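Please look over the sequence and the structure below, then read on.

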Amino acid sequence: MPHFDEFYANKLRGTLGVTDAESVLDLRGAPRAKAEASLTDMLERSRFAKGKTVAVRLDAPTPGGGETLFQPIGRLLLEAKRRGWVERLQTLPAQDGLGFYVALAGRPDKAPEPRKP
């Protein structure tokens, strides 16, 4: 679009991808049960660690291949977002393939407790 600077157009398109993430959870080729268990484990561990960004990569749909992991993994991530475990969730840009860019909230900083005299 001629009215948008390229920087702002990219922000609208959601260009955060695999190269922007601090780590990658590659679920390509994993069976559904293992993929869901891996994602659940990552989400559970993230609650006790510093917040970070993760690119979750999934297999692209194949003609006549049946259901992909996109919908079940997306549901798990949306539930984690509702619980406050995920700060930001978006799909990966087309050049990175199918998947999600996830910003994990991490452990909330606790205020130091006042010392008792």
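## Terms and model

Two strands pair if DSSP finds at least two bridges between them. Helices (H or I, at least four residues) and strands (E, at least two) are DSSP runs, numbered from the N terminus.

The model is predicted: local features need pLDDT of at least 70, side-chain atom pairs count only at pLDDT 80 or more, and totals for chains, interfaces and linings use all residues. Residues are numbered from 1 along each chain as its sequence is written, and side-chain values use heavy atoms, with hydrogens and water left out.

## Overall make-up

The protein has 3 helices and 4 strands, in the sequence pattern α-β-α-β-α-β-β. Of its 117 residues, 31% are buried (buried means under 20% relative accessible area, exposed over 50%, partly exposed in between; 1.4 Å probe, protein chains only). The accessible surface is about 8,300 Å², and carbon and sulfur atoms hold 53% of that surface. Accessible areas come from the Shrake-Rupley method with a 1.4 Å probe; for residues, only the protein chains shown count as cover.

Contact means heavy atoms within 4.5 Å. Among contacts with a separation of 6 or more, 69% are between residues 24 or more positions apart.

## The sheet

The 4 strands form an open sheet in the order E1-E2-E4-E3, with mixed pairing. Strand E1 (23–26) and strand E3 (86–91) are at the edges with a single partner strand each, so one side of each has no neighbour in the sheet. On average, neighbouring strands are turned by 20° against each other, direction ignored. Strands of a sheet pair through backbone hydrogen bonds, either parallel or antiparallel.

E1 and strand E2 (residues 53–57) run parallel and are joined by 4 bridges. Val24 stands opposite Ala55 in E2. Helix H3 packs on the sheet and touches E2, E3 and E4; the direction of H3 makes about 155° with that of E3. Axes are lines fitted to C-alpha atoms, for helices over the stretch in contact, and angles run from 0 to 180 degrees between N-to-C directions.

Thr53 is in strand E2 and is buried, at 14% relative accessible area. Leaving aside neighbours within four places in sequence, the contacts of Thr53 include Ser23, Tyr101 and Val102.

## The aromatic pair

Rings of Phe, Tyr and Trp (its six-membered ring) pair if their centres lie within 6.5 Å; planes under 30 degrees apart count as stacked, over 60 as edge-to-face and the rest as tilted. The whole structure has 1 aromatic pair. Phe70 and Phe100 form this stacked pair, 4.7 Å centre to centre with 20° between the planes. Phe70 belongs to helix H3 (residues 70–83) and Phe100 to strand E4 (residues 99–104), so the pair ties together parts 30 residues apart in sequence. Phe70 is partly exposed at 28%, whereas Phe100 is buried at 6% relative accessible area.

## Salt bridges

A salt bridge is a side-chain nitrogen of Lys or Arg within 4 Å of a carboxyl oxygen of Asp or Glu. The structure contains 7 salt bridges. In one of them, the closest N and O atoms of Glu67 and Arg32 are 3.4 Å apart. This pair links distant parts of the chain, with Glu67 in the loop between E2 and H3 and Arg32 in helix H2 (residues 32–46), 35 residues apart.

Asp41 and Arg45 form another, with closest N and O atoms 3.1 Å apart. Both residues lie in helix H2, 4 residues apart, about one turn of the helix.
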